[in-house]
Amino acid sequence: MAPRGDLMGAAEDLADQFLRMTKRYLPHLAHLCLISTFLEDGIRMWFQWNEQRDYINMSWGSGTILATLFVLINMSGQLVGCILVLARKFVPYACFGLFGIIFMQTVAYSILWDLKFLMRNLALGGGLLLLLAESRSEGKSMFAGVPTVDDISPRQYMQLGGRLLLVLMFMTLLHFELSAFTIFQDIFGMALIILVAIGFKTKLAALTLVIWLFVINLVQNAFWNIPTYRPLHDFLKYDFFQTMSVIGGLLLVVALGPGGVSMDEHKKKW
């Protein structure tokens with residue numbers, strides 16, 4: 001049997017090799033996965049325009065005109081934001097626009113009082129933080145001129161914040177069911193996401209979790225096998241794209257690295 005250190009080293013070498021081979025395409029794939037929740041929601045609003053408008057009108061008594069305006073802003077804001085992110089144009093503005101959409105939905109759909117959906121909305125903010133951090137090069141930073149401590153820039157604190165919110169993002173996927181496989185799945189996933197959060201063996205942990213979540217997502221959230229008229233179809237579809245957003249956030253961590261505020265970075269200085 002090979003020593004544990006040798007196995008860990010071999011696994012890290014494989015992760016580094018994967019990153020070298022895919023570094024040109026990985027950020028694009030990460031962006032697509034990360035904003036897939038917004039993209040799906042925007043497309044859904046296009047096809048469910050009347051239902052969304054009537055819901056807002058009934059919930060808030062706002063009248064048809066204001067309800068229509070809300071749905072229009074919500075739908076166009078998400079679709080335009082996603083297109084800009086995928087095109088890598090005006091990414092910071094697109095992220096701030098999507099932050100605004102999250103806030104609007106939190107208020108309009110009374111998500112503030114629903115802990116599970118509130119966590120999901122806050123978690124999506126973690127992915128947007130990572131996108132913001134990625135879009136900031138050291139030479140063209142929105143924080144230009146801001147003093148740093150120990151060579152750690154505000155951009156790297158944004159990476160840390162994004163990683164921490166990824167924990168929240170992942171926790172929305174936990175099932176808390178009393179079955180052996182589900183308990184193993186939750187514990188295994190939490191162990192890996194904690195490693196990502198603290199920045200220890202970050203790329204290996206994130207990549208392992210990406211592979212694990214991708215397989216589980218295809219098996220457990222196969223909404224395409226359920227007729228569209230059944231409520232289960234929408235539930236599985238929601239969970240599917242939420243999981244894809246988590247995968248996108250993790251892929252962005254793999255592509256970006258853990259940043260300066262991490263155990264991996266501190267190990268280099270020891």
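## Thr208

The side chain of Thr208 comes within 2.7 Å of the backbone oxygen of Leu204. This is a predicted model. Thr208 belongs to helix 10, which covers residues 202-220.

## Contacts of Thr208

Which residues does Thr208 touch, once its neighbours within four places in sequence are left aside? They are Phe188 and Leu192. Leu192 is 16 residues from Thr208 along the chain. The C-alpha atoms of Thr208 and Leu192 are 7.9 Å apart.

## Helix 7 and helix 11

Another part of the model pairs two helices. Helix 7 spans residues 115-135, and helix 11 spans residues 231-256. They pack at an angle of about 30°. Their axes are 10 Å apart. Angles under 35 degrees count as roughly parallel, so helix 7 and helix 11 are roughly parallel to each other. Their crossing is left-handed.

## The contact between the helices

Which residues of helix 7 make the contact with helix 11? Helix 7 supplies Phe117, Arg120, Leu124, Leu130, Leu131 and Glu134. From helix 11 come Tyr238, Asp239, Gln242, Ser245, Gly249, Leu252, Val253 and Leu256.

Sorted by class, the contact of helix 7 with helix 11 has eight nonpolar residues. Three polar and three charged residues also take part.

Key:
Residues numbered from 1 in each chain as written. Predicted model: local features only at pLDDT ≥ 70, side-chain atom pairs only at ≥ 80, totals over all residues. Heavy atoms only, no water. Axes fitted to C-alpha atoms, helices over the stretch in contact; angles between N-to-C directions. Helix = DSSP H or I, 4+ residues; strand = E, 2+ residues; numbered from the N terminus. Parallel < 35°, antiparallel > 145°, perpendicular 65-115°, else oblique. Left-handed = near helix turned anticlockwise from the far one by under 90°. Contact = heavy atoms within 4.5 Å. Nonpolar A, V, L, I, M, F, W, Y, C, P; charged D, E, K, R; others polar. Polar contact = N/O pair within 3.5 Å; in protein donor to acceptor, adjacent residues only side chain to side chain.
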